[in-house]
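Please view the sequence and the structure below before reading on.

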Amino acid sequence: MAKVQTTFKLDGRDSIWFHENAAPVNVRYAKEVCDVAILPIGAIEQHGPHCPCGSDTFNAIGIAEKVAEMSGAMLLPCPMYGSHPHHHWGMQGTIPLTYQTHIMLLKDIIRGAAVAGFNKFLILSAHGQVSSTIVATHELGIEGFFTLSSTWYDFLRDNKQVLKDYMWHADEAETSLALHLYPQFVNMDYAVAGSGTPLISSDWKIAPGQAATPGSMYHFEGTFALPEKDDLDTGVIGDPTNASPDKGKVLVDTAVGMYCNLVKELRDKYPCGINPLGFRNPLGYNGAAFIQYDEHHDAKGQLIK
């Protein structure tokens, strides 16, 4: 008879990655140590002539791995593909999912991880796909799955503290992360500056990673850009020649620290086994008016101290 494993590494898990652990390890970890799970998501998308098509996925994994190591959160397997804003479609090197496909993918992953006992979920994105992540987050909320979703650069809000420019695409910011996290896939000999054609003044929109300003829309709240396949010569928006591994390290370390503080609050306020929402509603929309809270919450959904 095979010997049953009874000792664990990493404070109760053999790996920070869900898929590298045996099922009993994941279940025990969620029950006894930490039931916060992080889902890193990226995309397969062209990143100019100098960075790999997997940059967004590699960035999400690189940041999420460090958060999981430092915070104790479990790391769910990262789907390689993502959804894309309208202007990415048809671009060579980009493999987009429809919004409907991506929404269902995210929901199914969270639902499945909850079966193992995880109750708090953080979607950590490194790609502009809020058109699907926001919908998925709120549909999951209706079903009683506590889910937070953020894109690392909008969570960070560098606002030109480290960078010369805001984060655009295959630019100073993304190339800096690449040089720090996976330099073996980067060829700076091919790095060139590029730009797109704005359809209206940039004063009306918030750039990626920019702090909010009065009278401006979020950069995915409109069809501000022409299709990349027609408008971009190199697939780059911004100047990757300003990138450096040192900038990448500062950006990653700062974002990781902020995410770790978020996970700490969740762990401190809601111990293992407690769903902050206090219910499960498998009927979705149809069951929203009939929610019953669990034993950890009162009749109004407040956590019982």
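Glutamate 143 is buried, with a relative accessible area of 10%, where buried means under 20% relative accessible area, exposed over 50% and partly exposed in between, for a 1.4 Å probe and protein chains only. Its salt-bridge partner is arginine 111, and the closest N and O atoms of the two are 2.7 Å apart. The model is a predicted one, in which local features need pLDDT of at least 70 and side-chain atom pairs count only at pLDDT 80 or more, while totals for chains, interfaces and linings use all residues. Residues are numbered from 1 along each chain as its sequence is written, and side-chain values use heavy atoms, with hydrogens and water left out.

**Arginine 111 and glutamate 143**

- Arginine 111 lies in helix α3 and glutamate 143 in the loop between α4 and β4, so this pair ties together parts that are 32 residues apart in sequence.
- Helices (H or I, at least four residues) and strands (E, at least two) are DSSP runs, numbered from the N terminus.
- Arginine 111 counts as partly exposed, at 25% relative accessibility.
- Asp108 joins Arg111 and Glu143 in a network of salt bridges.

**Helix α4**

- Helix α4 covers residues 130-142, which is 13 residues.
- From its first C-alpha to its last, α4 reaches 18 Å, close to the 18 Å expected at 1.5 Å a residue; the expected span is 1.5 Å times one less than the number of residues.
- The buried residues of α4 are Val130, Ser132, Thr133, Ala136, Thr137, Glu139 and Leu140.
- These buried residues pack against β1 (36-41), α3 (99-115), β3 (120-125), β4 (146-151) and β6 (217-218), with contact meaning heavy atoms within 4.5 Å.
- Glycine 144 follows α4 and has a positive phi, near 95 degrees.

**Other salt bridges**

- A salt bridge is a side-chain nitrogen of Lys or Arg within 4 Å of a carboxyl oxygen of Asp or Glu, and by this rule the count comes to 10.
- Glutamate 139 forms a salt bridge with lysine 107, with the closest N and O atoms 2.6 Å apart.
- That pair links distant parts of the chain, since glutamate 139 is in helix α4 and lysine 107 in helix α3, 32 residues apart.
- Glutamate 139 is buried at a relative accessible area of 18%, and lysine 107 is buried at 7%.
- Aspartate 154 and arginine 157 meet through their side chains in a salt bridge of 3.4 Å, N to O.
- Aspartate 154 counts as buried at 9% relative accessibility, whereas arginine 157 is partly exposed at 32%.
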